[in-house]
Amino acid sequence: MRLEEARQIIERTLPERRYVHTLGVVETARHLALKYGVDEEEATLAAMLHDYAKYRDTNEMRSIAVELNQRVLLDYDDELLHAPVGAELVRRELGLDSDVIYQAIANHTTGAPGMPLLDQIIFVADAIEPNRSYPGVEALREVAEQDLTDAVIATLSQTIHFLCKKQAIIFPRTIETYNAFVAAKR
Ligand code: DGI
Ligand code: FE
Ligand code: FE
Ligand code: FE
């Protein structure tokens with residue numbers, strides 16, 4: 001699948017605001033891919049498709065999570081579902097046959113310990129794309145220009161802070177990813 005074909009699908013599938021966010025993730029992912037030596041075509045395609053399942057029916061997503069042997073997700077926030085389920089639906093419905101893009105979409109919300117550079121780029125681009133505005137996003141954008149590992153850690157740190165402040169339950173993999181990336185720096 002080419003980027004333009006994916007763009008048309010996403011423009012039809014997502015509401016305007018989420019489509020605009022997605023285009024921001026694509027441009028940021030392109031920039032980071034060139035900067036950190038990741039395949040530009042994979043990065044832009046993964047970015048274009050990363051929120052494909054964002055507005056799917058929650059019960060449909062729950063049942064697909066069970067099919068994927070990720071029943072554990074049912075005990076956590078429904079927001080987590082669209083990443084792994086989106087990866088699966090991109091394969092089933094769009095016929096995209098790429099394990100690396102599948103993984104990058106599946107990992108884009110929580111990250112994963114040891115995730116490859118492509119996944120790191122999508123994870124960070126999602127958080128810092130130009131339409132995002134939250135306290136600290138400017139600092140995150142600067143870190144992303146300096147060091148990708150630091151940007152992954154800083155993005156997780158901001159997410160964990162944000163979740164703690166509203167007393168949300170944190171998915172263990174979010175913490176595991178944070179620990180793994182901090183440990184890898186030592
Ligand atoms: O889909 P986006 O809004 O572009 O961004 P996303 O997929 O990175 O995150 C979606 C939501 O998931 C966001 O509101 C934060 C939330 N989230 C991320 N990690 C965790 C989490 N929510 C909980 N409860 N636990 C987590 O570990
Ligand atoms: Fe998302
Ligand atoms: Fe994210
Ligand atoms: Fe997103």
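Student: Is T155 buried or exposed?

Tutor: Buried means under 20% relative accessible area, exposed over 50%, and partly exposed in between (1.4 Å probe, protein chains only). T155 has a relative accessible area of 2%, so this residue is buried. The model is predicted: local features need pLDDT of at least 70, side-chain atom pairs count only at pLDDT 80 or more, and totals for chains, interfaces and linings use all residues. Residues are numbered from 1 along each chain as its sequence is written, chains are lettered from A and ligands numbered from 1 in the order written, and side-chain values use heavy atoms, without hydrogens and water.

Student: Which residues does T155 touch?

Tutor: Contact means heavy atoms within 4.5 Å. Not counting residues up to four places away in sequence, T155 touches F123, V124, A127 and L140.

Student: What span should helix 9 have?

Tutor: The expected span is 1.5 Å times one less than the number of residues. For the 18 residues of helix 9 (residues 148-165) this gives 26 Å, and the end C-alpha atoms are 26 Å apart, which agrees. At the start of helix 9, a side-chain oxygen of D147 comes within 3.0 Å of the backbone nitrogen of T149. After helix 9 comes Q167, with a positive phi near 50°.

Student: Which protein donors does the iron ion (ligand 4) have?

Tutor: Donors are N, O and S atoms within 2.8 Å of the metal (3.2 Å for Na, K and Ca); water is not among the atoms, so sites may look incomplete. For the iron ion (ligand 4) they are H21 (NE2), H50 (NE2), D51 (OD) and D126 (OD), lying 2.2 Å from it. H21 lies in helix 2 and H50 in the loop between helix 3 (40-49) and helix 4 (58-67), so the pair ties together parts that are 29 residues apart in sequence. Both H21 and H50 are buried. D51 bridges the iron ion (ligand 4) and the iron ion (ligand 2), which lie 3.6 Å apart.

Terms used. Helices (H or I, at least four residues) and strands (E, at least two) are DSSP runs, numbered from the N terminus. A polar contact is a pair of N or O atoms within 3.5 Å; within protein, one must be able to donate a hydrogen and the other to accept it, and residues adjacent in sequence count only if both atoms are side-chain atoms.
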